[in-house]
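Open your viewer and get ready to select.

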Amino acid sequence: MDRLDQLESQSIFIFREAFNRIENIAMLWSLGKDSNVMIWLARKAFFGHVPFPVMHVDTEKKFPEMYEFRDRYAAEWNLNFIRELCPPIEEIDDTLPPAARSAARKTAGLKKAIEKHKFNALFAGIRRDEEATRAKERVFSPRGATGQWDFKDQPPEFWDQFKTDFPPGTHIRVHPLLHWTEIDIWLYTLREQIPTIPLYFAQDGKRYRSLGDKDITSPVASTATSIEEIIEELRTTRISERSGRAMDHESEDAFERLRADGYL
Amino acid sequence: MPEASEAKVRLAAVNQNPASARDLLRIVIVGHVDHGKSTLVGRMFHDTGSLPDGKYESIKAMCERRGVPFEWAFLMDALQAERDQGITIDTSQIWFKTDARDYTIIDAPGHKEFLKNMITGAAQSDAALLIIDAAEGVREQSRRHGYLLHLLGIRQVAVAVNKMDLIDYEKDQFDLIEQEYRDYLTSIGVTPTFVIPVSARQGDFIVNESDKMPWYKGPTIVKALDSFMPNASPIDRPLRFPVQDIYKFDHRRIIAGRIEEGRFSVGDEIVFSPSNKKAKVKSIEYWSTIPGHQAPTEAVAGQCVGITLDEQIFVERGELISHVENPPIETDVFRARIFWLGHEPMTKGKSYRIKLGTLEAPVTVQSIESIIDTSDLSNTSSNAVERNQVAEVVLRARRMLALDEFNEAPKTGRFVLIDKYDIAGGGIISMEGYADQRELITSRSTNITRVEHGVTTEQRTFRNGHKGGVLWFTGLSGAGKSTVAVALEQKLFEKGYNVYVLDGDNVRHGLNANLSFSPEDRAENIRRVGEVAALFARAGVIVITSFISPYRSDRDRAREASGKDFHEIYVNADVATCEARDPKGLYKKARAGEIKDFTGISAPYEAPEAPEMVIDTSSMPVDESVAMLVNYVETKFKV
């Protein structure tokens, strides 16, 4: 088994464990490269099926290419697809810096959707290498009744024995891609021929490394027009993946505050 | 335009993908708090040019904002609370690469309070780098971490003696620390591959060599790491394949799970433990969109697979699949070395849920054998295991479990314990002193039909004037079992009862002459006695068995053989009393080490939980005990 086989196997194990232990689980689909790989891995884990709802919490501010992609593959992959909308920006904490406030809208939409569908748990495609507080995450990560993350007292997690018992009212985030890196995602996308949104490829010397809302995501300088070239670029770059995501950089703890409150 | 991108991807795949994944090794960095873990990581990143642009500047700015000197710890201590308090609370990971391969560096907190986070980090690694402060020397957590790494199954270890600049790069002091720590690691069965003198702050021997320690001829930290190997998948070991789930999404009934050890092929006969059901592998199921991909006919350790069987048998999550040869152990009791993380201490008699692979079952703490002090490896006895302590315990389940000894098969020889909702501890399994019960529960001949008796039990009882049954004496050697048994036999015989004593020594001369005193043979000895006693009882005789029969599971099986006619009599006297009596001189020999596995001295005695009667021979004379038993027989065995 090579590195990609090992990563894939670990993710499948996590999927199957969560599906067996937790009632009423759904998957978050942000339409980006990571969550597309996540859906792919679920189909591997369950032999071509995705046996739970796949939910897009829509800020209505994504790129048109992303919506096009969503509508096509929700049908083609035979997903049990759910779309939920985020509340208007006026309802969000106005002490947050502007981009973080915009991102917090998504958290609020997420909480509403969880409540509406009574999901006990969500699969989310975050990775440890994206950002330093995510590096400290657990695979099975419990959240309080209002969605908050108690990062100072996380459960122990070892030998692939995850925390799967919770008092009523706990919400769980399950992270099947936590151990993957950005390069792994692209290597796997290439190997498995997973469809990709074209915004990731360079046009006029720029490409998106990470896709979020139109107004708070900016492209990076790049000439990579194929996945191979993206991989080549990532092997030498010293720019961090989320450098184009405005909310990470407004203050030292902006992202930590977002995450503590339930952001992915 | 997703079509275009997809077409591009497919084209690239056809043109032989040039981008292949590099090898990955996961290294955990552990050590006593403030011995310089974070600085070493920071230095490693800086000197290999692995820091993202602007990271160094942003850490510098953070330090200036807080008015503290430049601190590499801020590279990984991402949480505000960690930066403010200057300690690592939770484990973190960061990625870097050398020419040889990619690395995941796992930072593990050194503070004792965050042991659960240290274990969370360390358990994910292939190898470990232990850091010791040259000025402070080997400290409490240096030893504890070394011990826990071993418990977690990490076998590749390098030691960095850091802050050599603070002791003027002195060889003598380094030698002393190396000797002390090597001695400790050797005593727990760990051989460090390298012990390297370094200064993370100055950059000596992290990535680059240095002229400050001409006496050191070994590798730098990075060279040492490059020499470690990723953990190989144990594909050549006996098959261990825990059932994770059963799927029926379509016409197929798929048994899914991850192969932990070994391999199998389509057509292999497999057995599910502990249900001991057998079937053949009909297919290995597979989903792929890559054209031309065919379902595999063989699967190996590390893979998550799904199989179908040649016949429909009922199996559940938690069963352990193996080949018929080399199956796992089946037992309801085992010994374990545990580390405890629970907020509440582990106490004797308390019940927890065990997670053993994919199996979950209730277990009870039968005994806490000893608390292990990880600094000097001394043992103390206690009725409770406190948070962050390491202990040796005996656990008992109410059902049969399929498992392995950790030393034989680590992945199926380890478990966690759940207290209410939380993982409260982890442990590794040893069967020392306990028998594999597989043979006892599976060796049943088939093609046997019981012969119907023409004579009924009632007729026998009527002729004998009393019921038949078993008085099962259990207790330590020297407790007085045989003495009381023989006296009771005499008394009952005089009163007209059909009575017979089955005694340990006598049975071993004949029926069980081929059995030794190993745990397995002891279990078989008792199984045979239980069956013979049941036959006696059915024949209408009162049979008194006089065997130490130290294991609860063995006695339970004997009870099963006789059903309601079984009466467990606990002949109780403490070890000291028995040892003082020592009628056969056995305790003396056991103390001298001449007898191995001697109950009460070097092998366990599991006292009955709910015996029909207890006879305390240390306070009660023999005739009084006999009188009590005669009275018992007269009430329980009357027509």
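Start by selecting A:L28 and A:M55. In strand 2 of chain A, A:M55 is the bridge partner of A:L28. Keep in mind that this is a predicted model.

Now show strand 1 (residues 25-28) and strand 2 (residues 54-58) of chain A. They run parallel, and 2 bridges join them. Strands of a sheet pair through backbone hydrogen bonds, either parallel or antiparallel.

Next, select helix 4 (residues 98-117) of chain A. Helix 4 packs on the sheet. It touches strand 1, strand 2, strand 3 and strand 6 (171-174) of chain A. The direction of helix 4 makes about 140° with that of strand 2.

Widen the view to the sheet of chain A. Its 6 strands follow the order 3-2-1-4-6-5. The sheet is open, and the pairing is mixed. Which strands stand at the edges? They are strand 3 (81-85) and strand 5 (140-143) of chain A. Each has a single partner strand, so one side of each is left without a neighbour in the sheet. From one strand to the next, the twist averages 30°.

Move to chain B. Color domain 1 (24-226), domain 2 (241-323), domain 3 (331-432) and domain 4 (459-636), as the domain assignment gives them. The centres of domain 1 and domain 3 of chain B, taken over C-alpha atoms, are 30 Å apart. Their contact takes 11 residues from domain 1 and 10 residues from domain 3. On the domain 1 side, select helix 5 (115-122) and helix 6 (140-152) of chain B; each gives two or more residues. Helix 6 gives the largest share, 6 residues.

Last stop: show both chains. Their contact takes 60 residues from chain A and 60 residues from chain B. Select helix 1 (residues 2-14) of chain B, which gives the largest share of the chain B side, 9 residues. That side divides into 32 nonpolar, 14 polar and 14 charged residues.

Key. Residues numbered from 1 in each chain as written. Chains lettered and ligands numbered in written order. Predicted model: local features only at pLDDT ≥ 70, side-chain atom pairs only at ≥ 80, totals over all residues. Contact = placed C-beta atoms within 7 Å. Helix = DSSP H or I, 4+ residues; strand = E, 2+ residues; numbered from the N terminus. Nonpolar A, V, L, I, M, F, W, Y, C, P; charged D, E, K, R; others polar. Pairing = 2+ DSSP bridges. Axes fitted to C-alpha atoms, helices over the stretch in contact; angles between N-to-C directions. Domains from an automatic or database assignment.
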